[in-house]
Amino acid sequence: MEIYSLTACVVTILYVFATSSAQGICHHGRRSHNAGFSGKMEGSHHLHCCGNVSYKISESSCCNGNVTNGLSQLVADCCDSVAYNPLNEICCDGRILTRSSTHAKCCGKVMYLTTTHLCCGGNNIFQRKENIFCCGKETYDVTTHCCCINLALEVKPKNETCCPTVTDTDKRRESQQGSLPTSTLSRNLESKCGTKPYNPNKKICCSGNLYEKASALTKCCGKYVYTLLDDNVLCCNGILHLNVPEQSECLGGVIYAPPNTICQMFARPRLGEHCCGGKTFDPHTHICCNGHSHNKMKGNFCCGSEVYDHHNQLLRCCSGHLYKLARLSGECCGNHLLEYNNNQTCCSSSTNSIIYDTKPNHRCCGHYYFNTSLWSCCAEHLKPTPKPNSSLAEYRLKPLTDLIPEMCNKTVFFGKVESLALENDQRHVVLKVVWQVNVKSEKFIKDPWLHVSMDHCSSPDTENGMTYLWEENPDRKYKLLSHPVDLTSDMHMLYAVCYQKRDKNMD
């Protein structure tokens with residue numbers, strides 16, 4: 001993996017834009033091992049292809065060969081050739097409209113509220129009233145008339161022989177929602193994939209592409225489809241990977257595979273030697289990073305397949321991608337570097353980190369970016385009921401590597417969630433302190449059990465049995481800091497970095 005200088009990266013991207021069509025480096029493959037939404041760009045860890053143009057899936061979207069910037073493909077839908085955010089917008093017959101409510105739906109090219117109006121015939125809107133139903137493009141009063149199903153739908157007096165029987169209650173109920181009681185007009189019951197209607201019980205829509213839905217185990221990964229029963233397949237940040245080793249996991253856009261033994265297949269290690277990829281190495285002098293051996297003189301920590309010195313403040317490791325900063329600014333957003341004051345917002349959860357263009361009255365809820373007039377957020381879960389006066393989390397959880405080394409100057413501890421309880425608006429958490437450290441005072445906690453209370457909705461989500469990094473404030477208040485951690489590697493990293501920093505300050 002290369003160390004990405006921001007300036008060099010811009011130059012490289014511009015060069016790629018100019019040469020991709022001629023050199024054919026943007027290739028198209030439906031489900032290759034590193035397939036992007038329209039193809040993975042060779043030799044790049046960040047860029048994917050949309051036609052002959054490259055883009056970042058964490059910042060942009062590809063719809064029918066056209067790139068929409070400022071909206072990640074991971075949370076976008078396509079409206080013809082333009083991407084939109086279905087949380088805050090709706091696509092009506094090729095037109096992107098701003099949602100006025102979470103109850104908004106399309107009636108032809110216009111938007112209407114299902115709570116106050118009916119859509120009849122696909123493009124006729126009527127005010128919703130008691131006992132009023134749709135019949136084709138018209139409405140009728142179910143107490144005096146009926147909808148007859150002949151060659152066409154017709155409103156007839158209730159005593160006509162063509163009127164539906166009492167057993168057709170379900171069909172009439174569907175009509176009340178603006179749908180039509182015949183199979184020939186069942187399109188109103190169907191969802192839309194882009195501009196194409198489809199039955200979600202039979203098909204699945206993946207970023208504007210329709211596939212047959214084999215079962216409830218059929219899932220989308222970006223614009224491709226897979227099932228949870230597929231062997232050696234892993235969906236990681238919207239990219240479908242094939243032929244991955246069993247027990248592989250996706251974390252922060254990086255695939256972590258179990259240790260392999262390829263070294264023993266190609267090299268015969270001598271006594272005391274260890275394997276690193278297809279070669280042997282001496283762990284006393286070298287470090288192995290994802291199958292690549294490096295001299296420890298260059299650093300003691302891995303970032304993907306590169307090694308780096310964590311004391312160098314101009315180096316930033318973002319989920320396996322190493323960046324060289326031009327100045328001391330910026331923070332990680334998944335495997336991308338988000339520069340400060342660039343009018344962008346990073347929303348992250350334990351599964352995804354996505355960059356959005358900053359908009360007024362929008363906030364993060366996990367990795368989603370929502371309009372506060374349409375939605376509310378409680379513990380990283382969206383609810384279609386806006387609460388203007390609700391308190392929202394002012395911070396987001398980060399991977400542990402993003403919190404080091406500033407955590408070395410604070411009292412922090414690894415706490416495992418043993419149980420959870422909800423009382424009114426408070427979430428009560430029982431924590432088992434796995435390890436606590438205060439580098440300055442060497443203070444260790446006496447009682448390993450802590451009872452922590454926090455505002456439920458404004459706090460990030462917590463899972464039973466997972467271990468997180470917590471901060472203890474002077475007033476004995478506790479703040480959740482990190483995504484779930486790996487006790488072995490993360491504890492070692494925090495200990496090594498913080499105590500090396502302490503020893504260096506003492507010298």
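The protein exposes about 27400 Å², and carbon and sulfur atoms supply 50% of that area. Accessible areas come from the Shrake-Rupley method with a 1.4 Å probe, and for residues only the protein chains shown count as cover. This is a predicted model: local features need pLDDT of at least 70, side-chain atom pairs count only at pLDDT 80 or more, and totals for chains, interfaces and linings use all residues. Residues are numbered from 1 along each chain as its sequence is written, and side-chain values use heavy atoms, with hydrogens and water left out.

Start with the overall make-up. The protein has five helices and 48 strands. Both are DSSP runs numbered from the N terminus: helices are H or I with at least four residues, strands are E with at least two. Of the 507 residues, 42% are buried. Buried means under 20% relative accessible area, exposed over 50%, and partly exposed in between (1.4 Å probe, protein chains only).

Now look inside. In soluble globular proteins, nonpolar side chains tend to be buried together. A nonpolar core is a set of buried Ala, Val, Leu, Ile, Met, Phe, Trp, Tyr and Cys residues joined through side-chain atoms within 4.5 Å. The largest one here has 23 residues. Y308, M407, F414, L469 and L494 have the most contacts inside it. Elements that each supply at least two residues of this core include β32 (301-303), β44 (412-423) and α5 (487-506). The largest share, six residues, comes from α5.

Take Y308 as an example. Contact means heavy atoms within 4.5 Å. Leaving aside neighbours within four places in sequence, Y308 touches F301, C303, L315 and L322, among others. A second, separate core of 13 residues includes L397, Y468, Y478 and L480.

A disulfide is counted as a pair of cysteine sulfur atoms within 2.5 Å. By this rule there are 19 disulfides.

C221 and C235 form one of them, with sulfur atoms 2.1 Å apart. This pair links strand β22 (residues 218-221) to strand β24 (residues 233-236). C221 is buried, at 1% relative accessible area. C235 is partly exposed, at 25%.

C333 and C346 are also joined, S to S 2.1 Å. The torsion about their S-S bond is about 85 degrees, so this disulfide is right-handed. Both C333 and C346 are buried.

C347 and C364 form another disulfide, their sulfur atoms 1.9 Å apart. With -70 degrees about the S-S bond, this link is left-handed. The pair connects strand β38 to strand β40 (residues 362-365), 17 residues apart.
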